[in-house]
Amino acid sequence: MTLGYTHVKLPAMTLRRRVKRIGGSLGVLIPRDFAAAMRVKEGSEVRLTLVGNQVVVEPLEGSLEEGAFRRAFAAVLRRHRRGFELLAEYDRGEWRPAAR
């Protein structure tokens, strides 16, 4: 099954930046080499996703639309439901491996 995008493994890039006030919001500038690696330019639309205390920035072009992602994720959950249930039980401390 193809999800509609090509995954390219890029080397990890890390950089420190200061948060700046931009109008009534706060902003962080995207360095030129990061933008090139993401294939975004001025005017490109990006999606911001808050994961814990991290902000994930991804280009909209070439990424799955939210509905397609939700359908694909739901299919994975259906297929592996029992495994996810066992993981949740283990995470809550309710599951122990069977004695041998």
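Strands are DSSP runs of E with at least two residues, numbered from the N terminus. In this predicted model, leucine 48 lies in strand S3. Strand S3 covers residues 46–51 and is joined by six bridges to strand S4, residues 54–59. The two strands run antiparallel. Within this pairing, threonine 49 has valine 56 of S4 as its bridge partner. S3 and S4 form a hairpin with two residues between the strands, and glycine 52 in this hairpin adopts a positive phi near 65°.

Valine 57 illustrates how the two strands meet. This residue is placed in strand S4. The C-alpha atoms of valine 57 and valine 46 are 6.4 Å apart, although eleven residues separate the two in sequence. When neighbours within four places in sequence are set aside, the contacts of valine 57 are Met38, Val46, Arg47 and Leu48. The relative accessible area of valine 57 is 33%. Because the partly exposed class lies between the buried limit of 20% and the exposed limit of 50%, valine 57 is assigned to the partly exposed class.

Val57 also belongs to a nonpolar surface patch of about 540 Å², together with Ile30, Val46, Leu48, Leu50 and Val55. Two or more residues of the patch come from each of S3 and S4. The largest share is that of S3, which supplies three residues. Leucine 48, a member of the patch, has a relative accessible area of 58%. Since exposed means over 50%, leucine 48 is classed as exposed.

Charged side chains were examined next. Side chains of opposite charge can pair when their charged atoms come close. With a limit of 4 Å between a side-chain nitrogen of Lys or Arg and a carboxyl oxygen of Asp or Glu, five salt bridges are counted. One of the salt bridges joins the side chains of glutamate 58 and arginine 47, with an N to O distance of 3.1 Å. Glutamate 58 is in strand S4 and arginine 47 is in strand S3, so this pair ties together parts that are eleven residues apart in sequence. Both partners fall in the partly exposed class, glutamate 58 at 28% relative accessibility and arginine 47 at 23%. Arginine 47 is also among the residues in contact with valine 57.

A further salt bridge is formed by arginine 82 and glutamate 89, whose closest N and O atoms are 3.8 Å apart. Arginine 82 has a relative accessible area of 49% and is therefore partly exposed, as the exposed class requires a value over 50%. Glutamate 89, at 22%, is likewise partly exposed, because buried means under 20%.

Glutamate 94 is exposed, with a relative accessible area of 52%. Arginine 92 counts as exposed at 52% relative accessibility.

Key: Residues numbered from 1 in each chain as written. Predicted model: local features only at pLDDT ≥ 70, side-chain atom pairs only at ≥ 80, totals over all residues. Heavy atoms only, no water. Pairing = 2+ DSSP bridges. Helix = DSSP H or I, 4+ residues; strand = E, 2+ residues; numbered from the N terminus. Buried < 20%, exposed > 50% of the residue type's maximum accessible area, 1.4 Å probe, protein only. Contact = heavy atoms within 4.5 Å. Patch = residues over 30% accessible without salt bridge, like charges linked within 9 Å, V, L, I, M, F, W, Y side chains within 5 Å. Areas by Shrake-Rupley, 256 points an atom, 1.4 Å probe, with all protein chains shown as cover.
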